[in-house]
Amino acid sequence: MIQRTEGRHCFFCVHKEVVIDYKNTDVLRRFISSFGKIVARKRNGVCAGHQRELAQEIKRSRIIGLLPFVAR
């Protein structure tokens with residue numbers, strides 16, 4: 001089980017075993033709001049490099065059809 005980090009530490013820098021990949025929808029869903037939007041860095045605490053990678057993989061996953069563009 002992945003535990004929540006204390007303070008403002010990047011989730012992916014702390015948990016190096018977690019890979020940002022478009023096929024890993026369980027991890028990507030953590031960073032999408034209930035409206036289907038990508039959550040901002042200020043809210044999720046991810047560093048800039050990982051946020052860019054995360055946004056790209058979420059978009060890639062949406063295009064392939066693994067994640068929805070909008071929430072129902």
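A residue is called buried when its relative accessible area is under 20%, exposed when that value is over 50%, and partly exposed in between, as judged with a 1.4 Å probe and protein chains only. By this criterion S61, at 0% relative accessibility, counts as buried. The structure is a predicted model, in which local features need pLDDT of at least 70 and side-chain atom pairs count only at pLDDT 80 or more, whereas totals for chains, interfaces and linings use all residues. Residues are numbered from 1 along each chain as its sequence is written, and side-chain values use heavy atoms, with hydrogens and water left out.

The protein contains 4 helices and 0 strands, where helices (H or I, at least four residues) and strands (E, at least two) are DSSP runs numbered from the N terminus. The order of the elements from the N terminus is α-α-α-α. The radius of gyration of the protein is 12 Å, close to the 11 Å given by the globule rule for 72 residues, so the protein is as compact as a globular protein of that length. This radius is taken over C-alpha atoms, and the globule rule is 2.2 Å times the number of residues to the power 0.38. Along the principal axes, the C-alpha atoms fill a box of roughly 30 × 25 × 20 Å.

Of the 72 residues, 36% count as buried. The accessible surface comes to about 5,500 Å², and 53% of this surface belongs to carbon and sulfur atoms; accessible areas come from the Shrake-Rupley method with a 1.4 Å probe, and for residues only the protein chains shown count as cover. A contact is defined by heavy atoms within 4.5 Å. Among contacts between residues at least 6 apart in sequence, 55% join residues at least 24 apart.

In soluble globular proteins, nonpolar side chains tend to be buried together. A nonpolar core is a set of buried Ala, Val, Leu, Ile, Met, Phe, Trp, Tyr and Cys residues joined through side-chain atoms within 4.5 Å. The largest such core in this model has 13 residues, and those with the most contacts inside it are F12, F31, L54 and I58. Helices α1 (11-14), α2 (25-29) and α4 each supply at least two residues of this core. Beyond its neighbours within four places in sequence, F12 is in contact with V18, I20, V27, F31, V46, H50 and L54.

Helix α4 spans residues 48-64 and includes S61. Apart from neighbours within four places in sequence, S61 is in contact with Y22, T25, L28, L66 and L67. The C-alpha atoms of S61 and I38, 23 residues apart along the chain, are separated by 12 Å. R62 also lies in helix α4 and, at 12% relative accessibility, counts as buried. Not counting residues up to four places away in sequence, R62 touches I32, G36, K37, I38, L67, P68 and F69.

N44 belongs to helix α3 (residues 41-44) and counts as buried at 19% relative accessibility. With residues up to four places away in sequence excluded, N44 touches F31, V39, Q51 and L54. The C-alpha atoms of N44 and I64 are separated by 24 Å, and the two residues are 20 apart along the chain. C13, in helix α1, is partly exposed, with a relative accessible area of 35%. Leaving aside neighbours within four places in sequence, C13 is in contact with C47 and H50.

Finally, the protein has 15 positive and 6 negative side chains, and the centres of the two sets lie 10 Å apart. Lys and Arg count as positive and Asp and Glu as negative, while His and the chain ends are not counted. The place of a charge is taken as NZ of Lys, CZ of Arg, CG of Asp or CD of Glu.
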